[in-house]
Amino acid sequence: MFLLERSFPREVEYVQKNNLPLVIVGGTVEYHGPQCAYGCDTLIAEGLIKRLGETKELMLAPSIHYSPASYAVGDRKSGTVHVPERAFEDYVYYVFKSLLWAGFRNIYVVIHHQFEQESEMPMTLSYRMAAKRATMEYLEATLGEGWWGSESYANYYEDLEGDNNPFTWIKVIPTMSTAVQNATGYDHAGEFECSLLMALYPDTVDLSRLNDRAHWFTKSSEKANAELGERMAKLSLEYLKEAIK
């Protein structure tokens with residue numbers, strides 16, 4: 001596995017030439033109860049991608065930690081860092097724009113935050129909108145206005161579908177597909193999320209602190225265990241291995 005921030009031009013060119021995945025973890029700094037670290041969502045996605053990188057060639061870009069976390073779980077004093085959606089969309093738009101101009105064509109954003117049943121939550125939508133904006137602008141800048149409607153692209157659907165489709169250059173996916181969630185379980189700072197985090201980064205879950213604050217959503221975490229987390233990680237990795245090509 002290559003780390004973008006520790007790579008040289010030779011490694012970047014190798015990744016681009018071979019169309020290897022460039023993976024960005026879309027994370028949060030969010031309150032997860034008294035027993036979980038604030039970087040829970042980021043750490044789960046990072047941990048899974050790093051394990052995937054042991055068996056699959058890919059480049060891991062620096063994670064994006066600050067994002068639209070919302071204050072739905074914890075209020076403004078909870079330690080959650082929330083970046084408004086429109087400001088965040090503009091930020092990642094510029095990130096995507098830079099990566100496209102640099103020559104990357106196989107970019108994945110992997111998200112664990114608020115992705116129950118692969119639903120379209122604000123952070124996910126921000127990434128997806130920014131991806132389409134950056135792609136559309138890049139195509140217009142490099143191919144000119146009216147590129148799609150020109151006779152030169154009469155075979156667009158035949159030539160540019162599949163791997164050559166520019167609208168798949170940036171893909172936003174969950175760490176756990178709906179099928180994986182249904183096979184294991186999914187929650188916020190409860191039994192399932194704590195188990196998964198415990199398997200990946202044991203030092204970021206401390207169940208002895210569970211009673212520091214009482215929350216309905218953390219109560220089930222008293223049943224969290226690394227064995228369950230490993231089963232969840234295994235299923236998630238099987239899905240990610242197929243999803244990230």
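## Two loop residues with positive phi

Glutamate 118 sits in the loop between strand 4 and helix 4 (helices, H or I of at least four residues, and strands, E of at least two, are DSSP runs numbered from the N terminus). Its backbone is worth a look: phi of glutamate 118 is positive, about 55°, although this residue is not a glycine. Glutamate 118 is partly exposed, with a relative accessible area of 34% (buried means under 20%, exposed over 50%, and partly exposed in between, with a 1.4 Å probe and protein chains only).

Glutamine 117 belongs to the loop between strand 4 (107-111) and helix 4 (122-143). Its phi is near 50°, again a positive value in a residue other than glycine. Glutamine 117 is partly exposed, at 44% relative accessible area. For context, most residues other than glycine have a negative phi.

## How to read the model

This is a predicted model, in which local features need pLDDT of at least 70 and side-chain atom pairs count only at pLDDT 80 or more, while totals for chains, interfaces and linings use all residues. Residues are numbered from 1 along each chain as its sequence is written, and side-chain values use heavy atoms, with hydrogens and water left out.

## The cavity

A cavity here is a set of points, on a 1 Å grid over the protein atoms alone, where a 1.4 Å probe fits but cannot get out. Points are joined across faces, edges and corners, and the volume is the space filled by probe spheres set on them. One cavity of 30 Å³ or more is counted, and the largest cavity holds about 40 Å³ of space.

Its lining residues (an atom within 4 Å of a point) are Val15, Gln16, Asn19, Leu20, Gly103, Phe104, Arg105 and Asn106. They divide into three nonpolar, four polar and one charged (Ala, Val, Leu, Ile, Met, Phe, Trp, Tyr, Cys and Pro count as nonpolar, Asp, Glu, Lys and Arg as charged, and the others, Gly among them, as polar).

Terms used
1 Å grid on protein atoms, 1.4 Å probe; cavity = no way out; pocket = protein on both sides within 12 Å on 5 of 7 lines; lining within 4 Å.
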